[in-house]
Amino acid sequence: MSDNTGKRNALIINGGPSPDKRVLDYLPEFDAVLAVDSGFDNAMSLGITPDVVIGDLDSISARGLESAEKQSIELITFPEDKDKSDLELAISYASKSFASVTIVDSGGGRVDHLWGVFSAMASDIALNISCEAFVGSSFVKVVRDNHIVKPLASELVSIFPFGGLAEGVSLSGFRWNLNHETLNTGSTRGLSNEIVESLGDISVQNGVLLVIQSGLY
């Protein structure tokens, strides 16, 4: 297991279209910033200077690359022919030193890239860290055991099994609660639930849940 004690959170700015600047109002504290390829350009547009740029550098702008080199920002490069996405490589890098990662993605790019974001977050590479993301105007959390949900701009919360069955799923504090039930792959049973108390409690005994809170702004 990686030694990630003593460091709290890494912010990962993903590539693709630039995120909405309103996401800045929701970001938690972070100890380092990792930019995923053209995520460097996105980070700079948000007024955030990355500590590291990771990827095959096929989408970062020429101006962005020049800026990163002038600022002596660490570049961790990979070949274009590889078996993992740049984001998954960034999560892997962060897992060696940090206890959690917060990803920022515009949510406005290609659908397959968006699915790749969720897949990377729920992959085995992230088993030992807490993984969350701001995707467009939604907050996404990977839950492998227990998670306390706070109401954000709206009370709307959706819960989906990801990558297989989710067994022993319990919800409390919601309009529709569950008690140690199974959510099947492809199930929409958890779509559009609502927090009705000050906090919602979500737990799963086996499997992975994606918890999505929509409508932040």
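Residues count from 1 along each chain as its sequence is written. In this predicted model, local features need pLDDT of at least 70, side-chain atom pairs count only at pLDDT 80 or more, and totals for chains, interfaces and linings use all residues, while side-chain values use heavy atoms, leaving out hydrogens and water.

**Exercise 1.** Find which parts of the chain R8 and E29 link.

Solution. Start with the pair: R8 and E29 form a salt bridge at 2.7 Å, N to O (a side-chain nitrogen of Lys or Arg within 4 Å of a carboxyl oxygen of Asp or Glu). Strands here are DSSP runs of E, at least two residues, numbered from the N terminus. Last, check accessibility: R8 is partly exposed at 46%, and E29 is exposed at 59% (relative accessible area, 1.4 Å probe, protein chains only: buried under 20%, exposed over 50%, partly exposed in between).

**Exercise 2.** Work out what R175 pairs with, and where the two partners lie.

Solution. R175 bridges to E194, with closest N and O atoms 3.5 Å apart. R175 is in the loop between β10 (166-172) and β11 (178-183) and E194 is in β12, so the bridge ties together parts 19 residues apart in sequence.

**Exercise 3.** Decide whether N193 is buried or exposed, and list what N193 touches beyond four places in sequence.

Solution. N193 belongs to β12 (residues 193-194). At 5% relative accessible area, N193 is buried. Its contacts (heavy atoms within 4.5 Å) include E155, L171, R175 and W176.

Terms used:
Helix = DSSP H or I, 4+ residues; strand = E, 2+ residues; numbered from the N terminus.
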